[in-house]
Amino acid sequence: MRAFFAIKLPEAVKDVVYEDIEKLQSMDTNCKLVSKENLHITLLFLGDIEEEDLQDRINLLEGELGKIESFFLSIEDLGFFYNRRGLVRVIWMDIVKNAKRVEDISRILYGYFQDILEENNLIKEHPSFKPHLTLGRIKNINRHQNNELKDWGKDFNKGKNKSKFEVEKISVIKSELTSQGPVYTLIKNIKLK
């Protein structure tokens, strides 16, 4: 099965974030927004893993993650990841408060799953891990649309677009790809201290 570790957003935060990003739909950018129910902060994408193997490692992780105190996160400014031609590929929001804590948790997870990441050719992605909330992906965009989107992002970041919430658990999620988009199923929540 395909699985990943994530911080799930509270419904109230999803509502606020989605209200802001729905404005992207009115722009001619060919952006596929992440559905509201699927908004999350990915900590580690595993790719394919045997269910039994995943469960065994979750059992080991519960003790280690259970020692980490719950903490607050703040999601703020809009950002972009670009393709090689300098065009926007991914639209995201930045994790500001306690981003280092998120990176530390991601490193712990990486240690438990390094062999699986190697098997799935995902090992190279981890050193550049930047905690963020993905809002949407763009398949095709021209220079004019790209500039319009970047200008919109600058205006967006001038506002007071901040969402703060407490992280009390880490979620293990199964991901099934369908023609309508990914379907996520919660496997387990691992409680923090």
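User: Where is the place of Leu24?
Analyst: Leu24 has its place in the loop between α1 (11-21) and β2 (31-33). Please keep in mind that this is a predicted model.

User: Is Leu24 buried or exposed?
Analyst: Leu24 counts as buried, because its relative accessibility is 2%, and buried means under 20%.

User: And what does Leu24 touch, leaving out residues up to four places away in sequence?
Analyst: With those sequence neighbours not counted, Leu24 touches Thr29, Leu33, Ile91, Leu149 and Trp152. As for Ile95, it lies 71 residues from Leu24 in sequence, and the two C-alpha atoms are 20 Å apart in space.

User: Ile91 came up there; what does Ile91 touch?
Analyst: Again not counting residues up to four places away in sequence, Ile91 touches Leu24, Cys31, Leu78, Gly79, Phe80, Leu133, Thr134, Leu135, Gly136, Ile138 and Leu149.

User: Which residues touch the most other members in the largest nonpolar core?
Analyst: Phe5, Leu65, Ile91 and Leu149 do, in a core that holds 57 residues. Helix α3 (residues 99-119) supplies the largest share of this core, with 9 residues. As background, nonpolar side chains tend to be buried together in soluble globular proteins.

User: Let me step back: how many helices and strands are there?
Analyst: The protein has 4 helices and 9 strands, and from the N terminus on the elements run in the order β-α-β-β-α-β-β-α-β-α-β-β-β.

User: What radius of gyration does the protein have, and what would a compact globule have?
Analyst: The protein has 17 Å, whereas a compact globule with 193 residues would have a radius of gyration near 16 Å, so the two agree. Taken along the principal axes, the box that the C-alpha atoms fill is roughly 50 × 35 × 30 Å.

User: What share of the residues count as buried, and what is the accessible surface?
Analyst: Of the 193 residues, 45% count as buried. The accessible surface comes to about 10700 Å², and carbon and sulfur atoms account for 46% of that area.

User: What share of the contacts is between residues 24 or more positions apart?
Analyst: Among the contacts with a separation of 6 or more, 77% are between residues 24 or more positions apart.

User: Now Leu73: which strand is it in, and what is it in contact with?
Analyst: Leu73 is in strand β4 (residues 71-82), and it is buried, with a relative accessible area of 0%. Setting aside neighbours within four places in sequence, Leu73 is in contact with Ile7, Ile41, Ile95, Lys97, Asn98, Val102, Ser163, Lys164, Phe165 and Val167. By contrast, Asp53 is 20 residues from Leu73 in sequence, and the C-alpha to C-alpha distance is 30 Å.

User: Asn98 is on that list; what is its phi?
Analyst: Asn98 has a positive phi of about 65° although it is not a glycine. Asn98 lies in the loop between β5 (88-95) and α3, and it counts as partly exposed, at 29% relative accessibility.

User: Back to helices: where is Arg57, and is it buried or exposed?
Analyst: Arg57 has its place in helix α2 (residues 51-65), and with a relative accessible area of 13% it is buried. Not counting residues up to four places away in sequence, Arg57 touches Tyr112, Phe113, Asp115 and Ile116.

User: And Thr42, what does it touch?
Analyst: Thr42, placed in strand β3 (residues 40-48), touches Phe5, Ala6, Phe129 and His132, with residues up to four places away in sequence not counted. Thr42 is partly exposed, with a relative accessible area of 29%, and its C-alpha atom is 7.6 Å from that of Pro131, which is 89 residues away in sequence.

User: Last one: where is Ser175, and what does it touch?
Analyst: Ser175 is found in strand β8 (residues 169-178) and counts as buried at 6% relative accessibility. Leaving out residues up to four places away in sequence, Ser175 touches Arg2, Phe4, Pro182, Val183 and Tyr184.

Methods:
Residues are numbered from 1 along each chain as its sequence is written. This is a predicted model: local features need pLDDT of at least 70, side-chain atom pairs count only at pLDDT 80 or more; totals for chains, interfaces and linings use all residues. Side-chain values use heavy atoms; hydrogens and water are left out. Helices (H or I, at least four residues) and strands (E, at least two) are DSSP runs, numbered from the N terminus. The radius of gyration is taken over C-alpha atoms; the globule rule is 2.2 Å times the number of residues to the power 0.38. Buried means under 20% relative accessible area, exposed over 50%, partly exposed in between (1.4 Å probe, protein chains only). Contact means heavy atoms within 4.5 Å. Accessible areas come from the Shrake-Rupley method with a 1.4 Å probe; for residues, only the protein chains shown count as cover. A nonpolar core is a set of buried Ala, Val, Leu, Ile, Met, Phe, Trp, Tyr and Cys residues joined through side-chain atoms within 4.5 Å.
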